[in-house]
Amino acid sequence: MNLTKDLVAQVEDWIADDPDEQTAELTRQTLQAANAGNKEALNKLQSWFGPFIEFGTAGLRGPIAPGPSCMNRAVVSRAAAGFVSYLKKQNAKRIVVGFDARHKSLDFAIDTVNIASGAGLEAILLPRALPTPILAFAVNHFKADGAVMVTASHNPAADNGYKVFLGNGCQIVPPTDAEISAEIQKVNNVREIPVGEGWYTSDEAVIDAYLESCKNIVSTKVSREITIASTSLHGVGHETWIEACEKVGFNNVHVVESQKDPDPDFPTVPFPNPEEAGACDLLLELAKQTNADIAIAHDPDADRCAAGILENNEWRLLSGDELGGALAWWEFERCKVFGLPKPTGTLATSIVSASLLEKIAAKEGVKYQATLTGFKWIGRISDLIFGYEEAIGYCVDSANVKDKDGITAGLRIAELTAYLKDNQTTFADLLERIAKEYGLHYTTQLSIRMNDMSAIPAALENLKTAAEIGEQKITEIIDMKSGLKGLLPTSGIFLQLENGRIIVRPSGTEPKLKAYIELVCEVTDYQKDKNQLATTADELKTELRKVLGI
């Protein structure tokens with residue numbers, strides 16, 4: 001494919017308007033190479049100068065590179081101007097901005113406060129690279145009307161992102177995303193966006209206030225005599241996590257030294273996501289070496305948290321649903337054993353997570369709410385007792401952080417671990433106890449990377465006429481575009497099985513089709529039943545691919 005006049009004109013216009021001389025020069029050199037017939041340079045330009053990166057409920061996320069399809073200062077400046085314009089229409093007065101330690105995060109954050117200040121808002125920049133939960137906490141702390149967190153969370157090193165919060169401390173949901181996107185589209189020239197210098201950097205008091213709130217997460221009636229192995233996967237969570245542990249009295253914490261300090265290149269993990277195979281190998285090895293009672297991993301912006309346990313003399317990571325079920329059970333059990341008032345309100349989890357929470361809520365006499373995927377839906381439940389999503393996101397302190405928070409979740413996991421140790425039992429024993437009481441809920445995922453995104457609709461259509469998946473009969477099929485359980489329409493297909501369900505949906509952040517499988521049975525022999533459900537789930541994955549036709 002040749003270099004067209006239209007592409008050349010688009011690239012030259014971009015260079016002229018780019019506020020970042022580094023990316024402008026890189027674009028200029030790439031254009032020269034493409035003009036000289038370099039195919040690799042032409043391919044780069046075509047990937048950089050596709051459609052504008054889409055602003056949605058997750059904000060922005062993509063590779064750091066020049067052009068409208070990527071994350072760069074020009075794109076972020078447009079997003080900031082659009083968001084600020086939206087806030088001004090809501091009579092906003094104040095915005096707070098946080099950032100992680102990824103490449104360009106500080107630059108993107110400074111551009112944001114410059115633009116907010118130029119629009120007449122009071123703009124506050126957090127004092128250093130910090131976890132996303134502190135930014136979510138800071139919204140209420142500063143009584144801000146909006147907030148931005150510059151982070152790509154657990155994406156690869158080449159990426160960055162831009163999370164947007166409103167004054168309620170939650171990430172945006174429709175139709176706010178479309179309204180902000182419309183404001184972004186009105187921005188024609190980045191260099192014409194007014195900027196100001198009236199913004200300021202906050203002091204450390206906001207961090208101190210967050211850490212003070214952490215003291216309420218762990219009861220004084222539980223022992224602190226546990227050993228914790230932990231990793232921050234080269235992200236910004238380590239310092240806050242250790243300070244939080246010290247604040248509540250967990251002082252025997254061993255860390256994976258090679259992953260302790262922030263490093264935007266993530267040298268030991270190509271995918272810095274605790275859920276990815278191999279990402280926590282060093283953590284589990286450390287847990288074994290230190291004879292730890294629990295292993296805890298945070299993703300790079302520390303809003304998500306994973307836990308590893310010793311089971312049958314082997315260390316393994318808990319699934320998000322296993323940990324979510326245990327923490328929900330603990331919310332009520334801890335009140336009984338520590339003499340605290342019984343929680344009232346709502347347990348919530350996303351529709352793709354296990355159905356166990358609904359059963360716990362029924363037994364405890366509290367409300368239950370299923371939500372669409374994304375913590376933005378869970379965090380805005382006003383009387384939330386505990387909420388989680390299977391993608392290792394947990395909220396144990398909604399009064400202070402209305403978003404997933406890996407730091408406070410880690411503290412609550414440590415508290416539960418200490419209680420179990422005090423009572424001469426283990427996390428593995430607890431999982432069996434919960435399964436015997438509520439039924440064994442086995443969940444697993446099938447993730448299919450799609451090179452051709454246009455094939456997804458046809459694959460989903462194939463499911464609508466399926467009568468069975470392998471030997472599993474389908475008893476009900478729901479197109480989630482028509483709504484599921486009274487929720488807003490979303491893309492995906494819900495399949496009810498005789499002893500479980502499958503939900504198939506496109507990923508919101510990656511070119512993937514995801515299938516979420518849950519199988520449920522009464523327990524007669526815990527380990528045998530668990531193995532049988534795992535075997536059945538593996539068979540379902542194979543058969544599901546056939547039905548999807550991919």
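Phe266 sits in the loop between β8 (253-255) and α10 (281-289). This is a predicted model.

**Loops and backbone**

- Most residues other than glycine have a negative phi, and most peptide bonds are trans.
- Phe266 is not a glycine, yet its phi is positive, near 45°.
- Phe266 counts as buried because its relative accessible area is 4%, and the cut-off for buried is under 20%.
- Ala302 also has a positive phi, near 60°, and is a residue other than glycine.
- The loop that holds Ala302 runs between β9 (294-298) and β10 (305-311).
- With a relative accessible area of 0%, Ala302 is buried.
- Pro174 and Pro175 are joined by a cis peptide bond, with omega about 0°.
- Pro175 lies in the loop between β5 (159-166) and α7 (176-185).

**Helix α4 against helix α5**

- Helix α4 covers residues 73-89, and helix α5 covers residues 105-118.
- The two helices pack at an angle of about 35°. Their axes are 9 Å apart.
- The crossing of α4 and α5 is right-handed.
- On the α4 side, the contact is made by Arg73, Val76, Ser77, Ala80, Ala81 and Val84.
- On the α5 side, their partners are Asp107, Phe108, Asp111, Thr112, Ile115 and Ala116.
- By type, the residues of this α4 and α5 contact are seven nonpolar, two polar and three charged.

**Helix α4 against helix α7**

- Helix α4 also packs with α7, at an angle of about 115°. Here the axes are 7 Å apart.
- The crossing of α4 and α7 is right-handed.
- From α4, the contact residues are Arg78, Ala79, Gly82, Phe83, Ser85, Tyr86 and Lys89.
- From α7, they are Thr176, Glu179, Ile180, Glu183 and Ile184.
- The residues in the contact of α4 with α7 split into five nonpolar, three polar and four charged.

**Asn114 in helix α5**

- Asn114 belongs to helix α5.
- Asn114 counts as buried because its relative accessibility is 17%, and the cut-off is under 20%.
- Leaving aside residues up to four places away in sequence, Asn114 touches Pro194, Val195, Gly196 and Trp199.

- Strands of a sheet pair through backbone hydrogen bonds, either parallel or antiparallel.
- β16 pairs with β21 (residues 512-521) in the antiparallel sense, over ten bridges.

**Cysteines**

- A disulfide is a covalent bond between the sulfur atoms of two cysteines.
- The structure holds zero disulfides.
- Cys170 is in no disulfide. The nearest cysteine sulfur belongs to Cys395 and is 8.9 Å away.
- That distance does not qualify as a disulfide, because the two sulfur atoms would have to be within 2.5 Å.
- Cys170 is buried, with a relative accessible area of 1%.
- Cys70 counts as buried too, at 3% relative accessibility.

Methods. Residues numbered from 1 in each chain as written. Predicted model: local features only at pLDDT ≥ 70, side-chain atom pairs only at ≥ 80, totals over all residues. Heavy atoms only, no water. Axes fitted to C-alpha atoms, helices over the stretch in contact; angles between N-to-C directions. Helix = DSSP H or I, 4+ residues; strand = E, 2+ residues; numbered from the N terminus. Left-handed = near helix turned anticlockwise from the far one by under 90°. Contact = heavy atoms within 4.5 Å. Nonpolar A, V, L, I, M, F, W, Y, C, P; charged D, E, K, R; others polar. Buried < 20%, exposed > 50% of the residue type's maximum accessible area, 1.4 Å probe, protein only. Pairing = 2+ DSSP bridges.
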